[in-house]
Amino acid sequence: MSGLRVVSPGLHTTVQDLGRFGAQHLGIPVSGAMDPVNLRLANLLAGNDENGGAFECLVQGPGFEVVAGSVRLALAGPGARIEAVSGGRTVEIAGYRSFTLMAGDCVTVQLGADAAVAYLAVGGGLALPHVMGSQATFSRGALGGYKGRPLRAGDEVPLVRGEAVPRAELGMPAPDFAEPARIRIMLGPQDDYFSKSAIETFLSQAYTISLQSDRMGFRLAGPKLEHAKGFNIASDGIAPGAIQVPGSGEPIILLADRQTTGGYPKIGVVISADLPALARMQMGRTLSFQAVGFDEARKAAAEFAGWFTNIKDTIRNVDDYGVIDLKALLEQNLIGGVVDAKVSLVD
Amino acid sequence: MTLENKTIRFLPCGDAAFTMEFGASVDRATNAKVIALYRRVHARAIPGVIEMIPTFRSLLVSFDPDLVNPASLQEKLLECLDEGGGEVSGGRSWTLPACYEGEFAPDLADVAKEAGLSEAEVVKLHAGRPYFVYMIGFLPGFGYMGDVAEPIRLPRRTHPRTRVPRGSVAIAGEMTAVYSLESPGGWHLLGHTPVPLFDPEADRPVLLAPGDTVTFEPVGLRDHQLIADDIANGRRILTAGEAA
């Protein structure tokens with residue numbers, strides 16, 4: 001059986017796909033990738049369906065050893081790259097391209113300096129159960145993914161394929177992730193629970209993503225928001241990107257592992273087009289909000305969808321870029337035994 | 001964009017969801033309408049609806065804005081609502097064994113004192129009566145069930161616990177619930193059930209559904225242990241009683 005053995009677990013590495021739908025009425029969160037854009041790209045580059053389970057790497061990436069056979073991998077994330085070790089030689093491989101490793105090779109995910117998240121996909125996917133239709137991990141409930149939890153050193157994650165499909169590697173130019181200047185939100189559902197000055201504060205001041213942030217949500221440090229009629233509501237449902245404000249007055253943006261229902265008022269919800277960009281932001285990062293209406297939110301969604309279609313079209317066989325074949329690179333007899341060649345993609 | 005129809009309010013939740021709010025208060029009649037509509041819309045598989053979360057007095061609807069626009073979806077929901085009665089039937093009914101003794105009932109004495117009753121009277125008021133599952137949320141499988149007998153309705157504890165054991169049977173206000181996972185919690189702990197309300201390994205990980213009915217049956221410490229052992233060894237499968 002082929003697998004990837006975890007050499008170093010990274011800070012918080014979990015198996016994620018696009019999420020678990022259809023069970024929120026039972027209190028089971030959607031979970032899934034914080035940044036679905038890069039999950040999809042990693043899967044496409046590895047030759048998978050966009051929705052396949054892959055490794056979500058947060059803050060500090062994991063290291064694996066290939067157990068048996070051969071494995072095709074692809075990493076997607078702004079600035080993310082791979083450090084591969086094969087037969088004693090080290091190669092750095094840029095993100096946004098697939099590559100094939102053999103049994104005994106090691107690979108470490110390095111996140112980009114400015115991004116909090118990257119996705120490592122395996123060609124053929126992970127041989128893990130689908131729980132309620134999804135391989136997404138909900139750690140709090142020990143549900144799904146690999147044993148319902150983040151990876152630990154020594155884990156061996158089973159793979160669907162024992163051997164990589166013999167074909168050309170795929171690659172694409174690293175996408176330009178233009179960030180919105182301000183995160184766009186739609187006010188509601190409980191914007192009437194906030195004073196006029198609180199809403200003005202929320203839409204004009206800067207907030208910092210605090211260290212108390214995780215897959216459940218980003219706690220924001222910044223000017224407190226004043227409630228107009230208490231801070232308790234009869235518990236209702238929570239949409240992705242909902243911004244909840246408990247009694248402390250400090251907003252929390254609720255994300256992938258958010259609870260399905262809650263009893264605090266929600267001042268606004270991040271628009272769907274801006275959620276992936278938000279998820280890529282690191283702790284300590286400052287942001288501000290802008291209120292938009294439904295039509296503008298949909299216009300942004302259409303622009304986003306168009307952009308995504310365009311960048312998917314840039315995926316092609318790596319040979320088109322005239323890049324040195326990785327295997328050939330490793331087979332070269334070089335001084336010092338260390339190959340420090342950046343495998344770069346040229347337009 | 002708020003659409004109002006009698007007491008129904010539609011509240012936007014970003015560009016791909018909205019909350020359909022049925023009323024201002026939490027009561028059985030309103031909640032019955034929510035669950036009835038949820039079931040009707042779910043059965044009908046209306047195009048564009050991705051998922052719904054029924055809660056005390058609201059229904060969160062997440063939809064695909066490329067397939068349906070919120071205004072026409074909201075109209076459809078109102079049509080669906082007008083069609084049916086607000087009756088909820090067909091939920092399953094469960095009897096859960098619960099031990100109200102010793103370490104399983106850390107707040108029983110305090111609750112009894114607050115209510116001016118004996119501990120036995122508190123147990124008699126809590127167990128043996130059917131509770132209706134209003135909604136499930138906060139944790140997977142955490143059903144908010146009501147209504148608790150008036151003499152033992154108390155506000156949440158002033159000092160919540162950082163760790164409430166999984167399986168704890170608890171009350172707060174008009175609601176009772178079982179903590180389906182170990183969790184921080186501010187409800188009063190009266191007892192403990194060995195039956196898992198959430199089991200990630202099970203074919204059906206969550207036991208309850210909105211609209212179900214739950215009755216607690218008191219068992220002693222020894223029976224609690226025997227039942228727990230049976231469950232751990234897969235010798236006991238809880239089956240629902242007749243539909244409510």
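User: What is the order of the eight strands in the open sheet of chain A?

Analyst: Strands (E, at least two residues) and helices (H or I, at least four) are DSSP runs numbered from the N terminus, and two strands pair if DSSP finds at least two bridges between them. In this predicted model, the order of the open eight-stranded sheet of chain A is 21-14-15-18-17-20-13-22, with mixed pairing. Strand 21 (286–287) and strand 22 (289–291) stand at the edges with a single partner strand each, so one side of each lacks a neighbour in the sheet.

The model is a prediction in which local features need pLDDT of at least 70 and side-chain atom pairs pLDDT 80 or more, whereas totals for chains, interfaces and linings use all residues. Residues are numbered from 1 along each chain as its sequence is written, chains are lettered from A and ligands numbered from 1 in the order written, and side-chain values use heavy atoms, without hydrogens or water.

User: Which residues stand opposite one another in the bridges of strand 18 of chain A?

Analyst: In general, side chains in a regular strand alternate between the two faces of the sheet. Strand 15 (residues 217–221) and strand 18 (residues 252–254) of chain A pair antiparallel over three bridges, with A:Phe218 opposite A:Ile253. A:Ile253 is also the bridge partner of A:Ile243; strand 17 (residues 242–244) and strand 18 of chain A run antiparallel and are joined by two bridges.

User: Which helix packs on this sheet, and at what angle?

Analyst: Axes are lines fitted to C-alpha atoms (for helices, over the stretch in contact), with angles from 0 to 180 degrees between N-to-C directions; contact means heavy atoms within 4.5 Å. Helix 2 (residues 196–204) of chain A touches strands 13, 14, 17, 20 (266–270) and 22 of chain A, and its direction makes about 120 degrees with that of strand 22.

User: How is the open sheet of five strands arranged?

Analyst: Its order in chain A is 2-3-10-5-8, with antiparallel pairing. Strand 2 (12–16) and strand 8 (98–102) of chain A are the edges, each having a single partner strand, so one side of each has no neighbour in the sheet. On average, neighbouring strands are turned by 30 degrees against each other, direction ignored. Strand 2 pairs antiparallel with strand 3 (residues 54–58) of chain A over five bridges, and A:Val15 stands opposite A:Phe55.

User: How many residues are in contact between chain A and chain B, and how much area do the chains bury?

Analyst: Buried area is the accessible area (1.4 Å probe) that two parts lose on being put together, summed over both. Here 36 residues of chain A contact 42 of chain B, and the two chains bury about 2,900 Å², 61% of it on carbon and sulfur atoms. In chain A, A:His25, A:Leu26 and A:Arg140 lose the most area to chain B, together 20% of what that side buries. The rule finds three salt bridges across the interface; among them, B:Asp15 and A:Arg298 meet at 2.8 Å, N to O.

Terms used:
Salt bridge = Lys/Arg side-chain N within 4 Å of Asp/Glu carboxyl O.
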